[in-house]
Amino acid sequence: MNRLVVVESPTKARTIRKFLPDSYRVEASMGHIRDLPGSAAEIPEKYKKESWARLGVNVGSGFEPVYIVPSDKKKVVKMLKDALKDAEELFIATDEDREGESIGWHLLEVLNPSIPVRRMVFHEITKEAILGALDETRDMDRNLVDAQETRRVLDRLVGYSISPLLWKKIAPKLSAGRVQSVAVRLLVVRERERILFVPASYWDLLATLQAGTDSFDSTLTHLSDVPLATGRNFDDNTGRLADNLVDGKDVVILKEDTATALQKELRGVALKVVNIDERTSKRNPYAPFITSSLQQEASRKLRLSARDTMRVAQKLYENGLITYMRTDSTALSSEAIEASRRSVEARYGKEYLSEAPRQFTNKVRNAQEAHEAIRPAGTAMKTAQELGLSGPERDVYDLIWKRTVASQMAEAVIRQTTVHLEADTSRGTARFRASGREVIFPGFFRAYVEGSDDPEAALENREAPLPPLTRNAELPVRKLEAKGHETRPPARFTEASLIKLLEEEGIGRPSTYASIMDTIVRRGYVQRNGNQLVPTFTAFATTNLLEQQFGPYVDTGFTAEMEQILDDIAGGRRESVPYLTSLYVGENGLESMVEKGLDSIDAREVSGIQFAKWDPFVVRVGKYGPYVEQEVDGKRVVASIPPEVAPGDLTREALQHFIDEKQKGAEVLGIHSVLDLPVFVKKGPYGHYVQLGDDEQEGKPKRISVPRNMDPSAIDLDAAQRLLELPRELGQHPDTGATIQAHIGRYGPYVQHNRTFASLTKTDDVLTVDYDRAMELIAKKEAKNKPLRSLGDHPETGDPLEIFEGRYGPYVKHQRTNASLPKDTPVESLTFDEAVALIDSKAATKKAPKKKTTAKKKPAAKKKGAPKK
């Protein structure tokens, strides 16, 4: 009997093929084969005149979605239909979560098979798991399908309803999203806290004490039995003491003069040990990874973005090396626990095993996926080295392996020692405190320390024991240091900390966090500064509008409640249509909110960002970006704010500088020596430029950007004229005879030969670069246009797969699809299969061409089991 097995990706298909008999044909759907229309051009003709057509959802008929098969999926559909003709049984083997169930249901709706259909589920791609799944198939779970469809419709209603309002009131090309907008608001709220933050100053006194041959540090905590303030005692918004009680006593601020006076008085004095407190505590190992904790730890340890982490994890899963990577479950199967415990005993010794097998309780709000935790696949528990992994795959697998093994190890035992010391001064008794920490038994620390990629080194760092001490001992002061401190504003979010907060609040699903992080950056709401996520002024203006008009939709509690309702739909405890109706229709529905907002929202007011520390300036967001506004002599003066400026770092002085620069106006350098036209230095939104002629003359004046290596204030008439003479002709290419030119373009200075553009380096000068240097740069650029490696022909198209050097590193090219090589992957180590997987994955995510197609209506039946054929 011939059987057809359909999965999502080519890599997954290739791995599964190895485990199945020849009578099984395994093909990939390349993700979803149909979806809601992505643009107006994709809306079927018969719906285009409907009032709801733009949404792609018939809001007047039970929120019925209009599904279309994108143009780039029609070849896939044809291939699957052809494969179905020779099959006697169809296995849907897509992922087990809502997304996978939805992909499988759409496959059945489009393929409309007349042969038996079996739903095949597994959470790891090993021979045992695949063969076992063949014998334990089930029907399609329509509750999961309905939950995913409701989520998709809900996201479409929110995004497509609110986004046009943002275009009209703030700026074009902005977008709103059910989870995205909440994430942006969290970033904005934190940045507001940084702007409102008032720093406070305080001092402390650090004493280095001698105990035999050892020394240790202690800090002054009380003076005359009164506790001294530390950073946590100050109010962020006022800079004043907020919590002024410690142990029931008022806290006082140690001033500089008191700290320095005590420093002088205590020199040469011994501190007396008045109390020693020793406590032993145990640390339990962390739970095995779920999706969000893997993303957070990979960000901290490996500096990987959420998207890169999921891309690597997907590859490990599809190659049969780890279990399914989209999961909220911390549970391990009995086989995995036994395998982990065998590995612990073999590698570390029996004393490092926990007394009994350990399972973990899930603490994630609205946890929904019924999988295992992320762990190495199978029962061999091989290390990354034993598997021969390299690059990011090695690093991510190693994290997963260590976390899994550590979960079955013994607790770490830690001794913590606190010592109190005193000395008499003219201002009363000075009390100092010192703390020590010693790892008595490392337990799971031997395998895994959170935030560190080297457990042994991390163990050493955790060891800070105090020397042996006895009560009433007098310890000489070796060194005294009075130190001033200033409280710091709340830290900005990183990807790891934002994902952690979203998870704690029950907002979104782990599988969506990676795309959310990418979206908020791509849409201009966030800039990355190292690992910090910095909200832009556009994020502030958008959040102003959403808080004013759509408050519930950016409220964490409301959004978490949405997730719970979607979970209820997935569990069959709630119907989707009544919920969508209550959310969208009626006086307080989303549709009404948008209509009211079109009339009531003042675009100028909502785009304004004001804080007392910026007075008298107001920052606004316009069509061309952020700008500062001030009234000067009764006139409104505005000046652009550079896009890289972070709201939380903006000062009144910086805003004044932007206004002053704008008021200077265009600086006339003189009259062009040949053309008899004025030459200006001006500043635009993207930097300084020189201009020939004024704006009143006929025709557009010539403008040339000032290179970054030139100081605009130092440009004279001669330098400006030389810039205006660009492009410079440097000579002819010896092979083609074409002219070699030097010029300045959108991305800076460059040299050109035909269609080859080579950027100048920081040490090159566009006004002086010579022919030989230009040829050198052009030769390097043209060499990059030649493939670094040819890997062979793509198995489906027959077109070549080649590796090229790009601006951001090496990439694989196939036809018009380019896919970057994973970070730290050497060009020479990339295999043919890996290249195919990269290209296929990238092709699956590319936007479909805007062509008309037909819709497939969803059947009305809502019963659990296989959809109606």
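1. Glu 191 is buried, its relative accessible area being 1%. Its salt-bridge partner is Arg 492, with N and O at 2.9 Å. Glu 191 belongs to helix H6 (residues 180–196), whereas Arg 492 sits in the loop between strand E16 (474–486) and helix H14 (495–505), so the pair ties together parts that are 301 residues apart in sequence. Arg 492 is likewise buried, with a relative accessible area of 8%. The model under discussion is predicted.

2. Elsewhere, salt bridges with shared partners link six residues into one network: Arg 151, Asp 155, Arg 178, Asp 328, Arg 509 and Glu 563. Over the whole structure the search returns 48 salt bridges.

3. A further salt bridge joins the side chains of Lys 12 and Asp 95, at 2.7 Å from N to O. Lys 12 is part of helix H1 (residues 10–17), and Asp 95 is in the loop between strand E6 (89–92) and helix H3 (98–111); the pair therefore ties together parts that are 83 residues apart in sequence. Both Lys 12 and Asp 95 are buried.

4. The salt bridge between Asp 146 and Arg 142 lies within one helix, H5 (residues 142–169), where the two residues are four apart and thus separated by about one helical turn. Their closest N and O atoms are 3.0 Å apart. Asp 146 and Arg 142 are both buried.

5. Aromatic pairs number 16 in a search of the whole structure.

6. How are the rings of Tyr 67 and Trp 105 arranged? Their planes stand at 70° and their centres are 6.5 Å apart, so the pair is edge-to-face. Tyr 67 lies in strand E5 (residues 67–68) and Trp 105 in helix H3, so the contact ties together parts that are 38 residues apart in sequence. Tyr 67 and Trp 105 are both buried.

7. One aromatic cluster consists of Tyr 286, Phe 289, Phe 444, Phe 445 and Tyr 448. Tyr 448 also has a charged neighbour: Lys 301 lies over the face of its ring, at 3.8 Å from the ring centre. In another such contact, Arg 446 lies over the face of Tyr 352, at 5.3 Å from the ring centre.

8. Turning to the sheet, four strands form an open arrangement in the order E23-E24-E25-E26, with antiparallel pairing. Strand E23 (667–671) and strand E26 (702–705) are the edge strands, each pairing on one side only. From one strand to the next, the twist averages 25°.

9. Within this sheet, E23 is joined to strand E24 (residues 678–684) by four bridges, and the two strands run antiparallel. Ile 671 stands opposite Pro 678 in E24.

Note on methods. Residues are numbered from 1 along each chain as its sequence is written. This is a predicted model: local features need pLDDT of at least 70, side-chain atom pairs count only at pLDDT 80 or more; totals for chains, interfaces and linings use all residues. Side-chain values use heavy atoms; hydrogens and water are left out. Buried means under 20% relative accessible area, exposed over 50%, partly exposed in between (1.4 Å probe, protein chains only). Two strands pair if DSSP finds at least two bridges between them. Axes are lines fitted to C-alpha atoms, for helices over the stretch in contact, and angles run from 0 to 180 degrees between N-to-C directions. Rings of Phe, Tyr and Trp (its six-membered ring) pair if their centres lie within 6.5 Å; planes under 30 degrees apart count as stacked, over 60 as edge-to-face and the rest as tilted. A charge sits over a ring if NZ of Lys or CZ of Arg is within 6 Å of the ring centre and within 35 degrees of the ring normal.
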